[in-house]
Every structure is written in C-alpha cells, then in structure tokens.
Amino acid sequence: MDKTIKSGLAMLNILESWGVDHVYGIPGGSFNSSMNAFYEKQDKIKFIQVRHEEVGAIAAAVDAKLTGKIGVCSGTAGPGATHLFNGLYDAQMDHVPVLALIGQVASTAMNYNSFQEMNENPMFVDVSVYNRTVMTPQSLPFIIDEAIRKAYEHQGVAVVTIPVDYGFV
C-alpha cells in the first residue's frame, strides 16, 4: 500500500520539524487547501487569525525577534499578498527569519487573468532572500524546507507562493 499524504499536510510536517507551532494569517479562498491542512493538524500547529495580513506579517517579524525562531505568516492571492509588505520589510531590516506563505489561484487558472491572480514573485524580490512559486504538489514540502533553511541562513524573509489546488493533492 502506498503511504502518501496530501501535500498540505506534508508542508505542515516540515514546519513542525523546524519547531513552528503557530502561524499568523487570514483564511481566504486562495489559501483554502492550506487551511484544510491547518485544521487537520490544529493540535500541533495553531493558526492564529489576525484582522489584516499586515498584522500577521508584523506579528511574525516580532515573534522572530523575540524568540530567534522563524516567524511564519500567510496571505491570500493578490491584494492579500501585497498587505504583507510592511511586516516583511520590518523583518528584513532587523535581519530576522520570516516565512511568508502566499496563496495563489489554482494552477489551472494561472495566466488567465483569474480573480485576484497576480504574479507575486517580482513584487517580493527586493524584500526576500528566497522567493518561489510551487510548481507541483510534490515539490511543496521540499520548497518549504528550503525556504526555511534560506531564511535562517541569510537571516531574512522567505516567500513561498502556493497554488490553491496543490495542498489537496
């Protein structure tokens, strides 16, 4: 029997292996598959819902400053992602490791001008030490692990954009 798990759960297993026990963010349509994984692992990793993505990014930066551990925040596609900038620049300026998980429209809807679809990668180049869009569900855990490794190595911000359909596979 094949022992596979959904990539969203595999992503949270990687976060847990790095000592992450909470994430700040707002649930939203483009982040639903990840939210489903957070629900399934709520006993291990707490999703702390904030009122605005900016607050989540600032909370992650402050968390990293106070603990020395990576702070993690999330945002939804398009406008939600852009609201993370102030907190991420705060982390960058103070050289603390932060991981930003960004939702994206489904991979099958990308490049069709879908609702709230944006090419986020160019926007985050200046603030990040690592900036990737996940291209396959199978690569999600690897990319999360690499992002955290780079955030610690360079004491900076890592950004991972996740198409919504990948967390369910």
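**View 1. S34 and the residues it touches.** In this predicted model, S34 is in contact (heavy atoms within 4.5 Å) with M11 and I162, once its neighbours within four places in sequence are left aside. S34 is found in helix α2, which covers residues 32-40; helices (H or I, at least four residues) and strands (E, at least two) are DSSP runs, numbered from the N terminus. With a relative accessible area of 2%, S34 is buried, a word that stands for under 20% relative accessible area, while exposed stands for over 50% and partly exposed for what lies in between (1.4 Å probe, protein chains only).

**View 2. V62 in helix α3.** Helix α3 runs through residues 53-67 and includes V62. V62 has a relative accessible area of 35% and is therefore partly exposed.

**View 3. The chain around these sites.** The chain holds six helices and six strands, and their pattern along the sequence is α-β-α-β-α-β-α-α-β-β-α-β. Of the 169 residues in the chain, 54% are buried. Among contacts between residues at least 6 apart in sequence, 77% join residues at least 24 apart. Along its principal axes, the C-alpha trace spans about 45 × 40 × 30 Å.

**Notes to the views.** Residues are numbered from 1 along each chain as its sequence is written, and side-chain values use heavy atoms, with hydrogens and water left out. Because the model is predicted, local features need pLDDT of at least 70 and side-chain atom pairs count only at pLDDT 80 or more, whereas totals for chains, interfaces and linings use all residues.
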